[in-house]
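Welcome! Please take a look at the sequence and the model first.

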Amino acid sequence: MVNLLVRAGAGDEHELLLLINRQQWSRVQIADRVAHALTLAEKLLPRGDYFSAKLYADALQDRYEVFQTELRLSSLTKLAPRPSHPQDQGVRNAEGERSFSAVQDIQSHVAQAPPVRERLGFRTNEFIVYPAYGVGQIFAIEQQEIAGARLELFVINFVKANMTLRVPVEKIANVGMRKLSSSDTIQRAYATLSARPYLAEGSWTRLAKEYEAKINSGDIIALAEVVRDLYRPAVNPGQSVSEKQLYSTALDRLAGEVSVVQHITGEDALRDIETLVIAGASQRRT
């Protein structure tokens, strides 16, 4: 598990996800096994490998948290047999019980419900920022009814990650989903990028945790600070793997939001950001 987690942190998550699916672990079991693997990784592996694995593990836990509801709905398909003919749905079986499909019952409620366009100030087709993954787009707001209780889900698509999440509406505050930054806030982020880098002192273990917390906060100014402070020239053999990964993650999240707000391509956003960072980094040498 440790080796698979390290490989996933380096970008190859296929075998780890294959193991999780094969074992059919619950979210709690996944969290327990990942936590145990991280404990071992911290003791046995180089710091760079450990922090790469930890960054991936945090994203993995968040991914399975938002999938939890969808997995519960999927499990309902096994609760009752599907009738062989539609007209059989109203026919009682030998035990005097009505033969209904749980999934069809849910789908009928969904079909009858009027489409929802807005919840908690978020609208369908709107671009948003989801701290664990960056910029996504709300495709729909789904309604499900289970045991008399209605459940609403934001369906969010992340094009770059080729992934769609279904997030319960009541979880939005917990995961920190927010609207895109204003143009004024983008300018504040630009000013942060072009400022003199902050040369933090202390152990890399502590600093890496602080950078990671900034990245996962979803705060665009905090992202700009990470990009500014971790920028290094292209040729820099002294930069650790974990440092490079933290910088790359922060840069990717920041550029994704800048490109959408400023209506420019991702490549143009990266170029603008790095131009500002290089100008700020030159102040370190003067």
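Trp204, Ala208, Tyr211, Glu212, Ile215 and Asn216 of helix 8 are in contact with Ser242, Glu243, Leu246, Thr249, Ala250 and Arg253 of helix 10, where contact means heavy atoms within 4.5 Å. This is a predicted model, in which local features need pLDDT of at least 70, side-chain atom pairs count only at pLDDT 80 or more, and totals for chains, interfaces and linings use all residues. Residues are numbered from 1 along each chain as its sequence is written, and side-chain values use heavy atoms, with hydrogens and water left out.

**Helix 8 and helix 10**

- Helix 8 covers residues 204-217 and helix 10 covers residues 241-262; helices (H or I, at least four residues) and strands (E, at least two) are DSSP runs, numbered from the N terminus.
- The two pack at an angle of about 15 degrees, with their axes 10 Å apart; axes are lines fitted to C-alpha atoms, for helices over the stretch in contact, and angles run from 0 to 180 degrees between N-to-C directions.
- Helix 8 and helix 10 are therefore roughly parallel to each other (angles under 35 degrees count as roughly parallel, over 145 as roughly antiparallel, 65 to 115 as roughly perpendicular and the rest as oblique).
- Their crossing is left-handed, a term for a near helix turned anticlockwise from the far one by less than a right angle, with right-handed used if clockwise.

**Helix 10 and helix 11**

- Helix 11 spans residues 266-282, and helix 10 packs with it at an angle of about 120 degrees, their axes lying 8 Å apart.
- That makes helix 10 oblique to helix 11, and their crossing is right-handed.
- From helix 10, Tyr247, Leu251, Leu254, Ala255, Val258 and Ser259 take part, and from helix 11, Gly266, Ala269, Leu270, Ile273 and Glu274.
- This contact has eight nonpolar, two polar and one charged residues.

**Helix 7 and helix 10**

- The axes of helix 7 (residues 183-194) and helix 10 come within 10 Å and cross at roughly 140 degrees, so the two are oblique to each other.
- Ser183, Ile186, Gln187, Tyr190 and Leu193 of helix 7 meet Leu254, Val258, Val261 and Gln262 of helix 10, and these residues divide into six nonpolar, three polar and no charged.

**Residues around the cavity**

- Val129, Pro131, Gly134, Val135, Ile215, Gly218, Leu223, Arg253 and Glu257 line the largest cavity (on a 1 Å grid over the protein atoms alone, a set of points where a 1.4 Å probe fits but cannot get out; lining residues have an atom within 4 Å of a point).
- Strand 4 (134-146) and helix 10 are the elements that give two or more residues to this lining.

Note on methods. 1 Å grid on protein atoms, 1.4 Å probe; cavity = no way out; pocket = protein on both sides within 12 Å on 5 of 7 lines; lining within 4 Å. Nonpolar A, V, L, I, M, F, W, Y, C, P; charged D, E, K, R; others polar.
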